[in-house]
Amino acid sequence: MQYERLPLSSGYTIQEKFAQFTDHELHMHDALEVSIALDQGMKYKIGEACYYAGPGDIFLLRPFEPHWNLTQEEGQPSRWIMLLFSPSFVSFIPRGSSLLTPFYMTNTSPLIPADSVHAQAVQRLAIEALEEAKQALPGWELQQQTLMIQMLVHMQRYYMMHNRDQLQEDSSAHGIIQAIEYLMAHWAEDIDMDIVIEQSLLKKTWFYTKFREVTGLTPNEFIVRLRLQYAGHMLQSSAKSITDIALTCGFGSASYFNKVFKEFHLLTPREYRKR
């Protein structure tokens with residue numbers, strides 16, 4: 001298993017890439033990723049699951065989730081678009097954290113199929129965003145950011161429409177989604193989990209059971225990983241001291257931050273920043 005460090009100094013990146021046939025080791029990273037297949041068929045390994053994608057299929061790759069993608073046929077490289085971004089990208093948008101919800105749900109498929117109007121819109125917007133960078137006209141960075149937001153809105157709408165029946169039938173799932181959005185909006189604060197549980201309208205034991213079912217994590221693990229995502233971005237994009245970053249991201253102390261960070265990244269924050 002490889003942990004890949006992905007520099008996102010501006011909070012996101014959009015790149016056109018080529019998948020090859022050669023099998024390789026799974027990797028993971030703390031960024032949120034969207035993969036858009038453009039032409040030849042592709043194969044995705046995500047955790048223990050394997051998916052086959054055709055042109056226009058879109059995959060949402062969750063943070064800290066092992067994965068790789070490659071082409072289905074030897075000698076037939078596959079073009080795809082990679083979108084990588086930090087949760088901090090939406091921090092300036094009102095209720096922007098709600099746009100990240102699909103990336104933190106492990107009980108739903110990561111695939112948005114090509115025949116969905118939302119997948120088609122995301123592909124069109126991603127190609128337009130790449131063209132903005134190529135032409136580099138005045139204001140292209142702002143235009144690209146706007147296109148990124150539009151893509152996230154389409155992904156959220158697909159998720160909400162696709163899971164509407166489940167959410168209506170399972171009120172506890174709706175309560176967990178509300179809890180996730182609350183945690184993503186207040187990740188740096190000293191969170192009182194009793195308040196979160198009360199807002200979910202679920203009993204305490206059922207809340208913890210359902211939270212793990214939906215996210216694959218306990219609420220505490222969820223908060224720690226979210227804070228690590230923000231901390232990793234700050235280490236790459238700011239000159240703040242490690243202590244300041246630890247406190248800003250809600251870790252309480254630099255020593256605890258160093259310990260948790262190394263557990264996930266296999267590097268200290270200082271080593272991570274220097275790479």
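In soluble globular proteins, nonpolar side chains tend to be buried together.

## Basis of the values

The model is predicted, so that local features need pLDDT of at least 70 and side-chain atom pairs count only at pLDDT 80 or more, while totals for chains, interfaces and linings use all residues. Residues are numbered from 1 along each chain as its sequence is written, and side-chain values use heavy atoms, with hydrogens and water left out.

## Overall form

The protein chain contains 10 helices and 10 strands, which are DSSP runs numbered from the N terminus (helices H or I, at least four residues; strands E, at least two). Its radius of gyration is 19 Å, which agrees with the value near 19 Å that a compact globule of 275 residues would have; the radius is taken over C-alpha atoms, and the globule rule is 2.2 Å times the number of residues to the power 0.38. Along its principal axes the C-alpha trace spans about 50 × 50 × 40 Å.

Of the 275 residues, 51% are buried, where buried means under 20% relative accessible area, exposed over 50%, and partly exposed in between (1.4 Å probe, protein chains only). Among contacts (heavy atoms within 4.5 Å) between residues at least 6 apart in sequence, 73% join residues at least 24 apart.

## Two residues in their surroundings

Ile 149 belongs to helix H2 (residues 140-162) and counts as partly exposed because its relative accessibility is 22%. Apart from neighbours within four places in sequence, Ile 149 is in contact with Phe 89, Phe 92 and Ile 93, and its C-alpha atom is separated by 8.0 Å from that of Val 90, 59 residues apart along the chain.

His 67 lies in strand S8 (residues 67-71) and, at 3% relative accessibility, counts as buried. When residues up to four places away in sequence are not counted, the residues that His 67 touches include Leu 26, His 27, Met 28, His 29 and Ile 46. The C-alpha atoms of His 67 and Ala 136, 69 residues apart along the chain, are separated by 32 Å.
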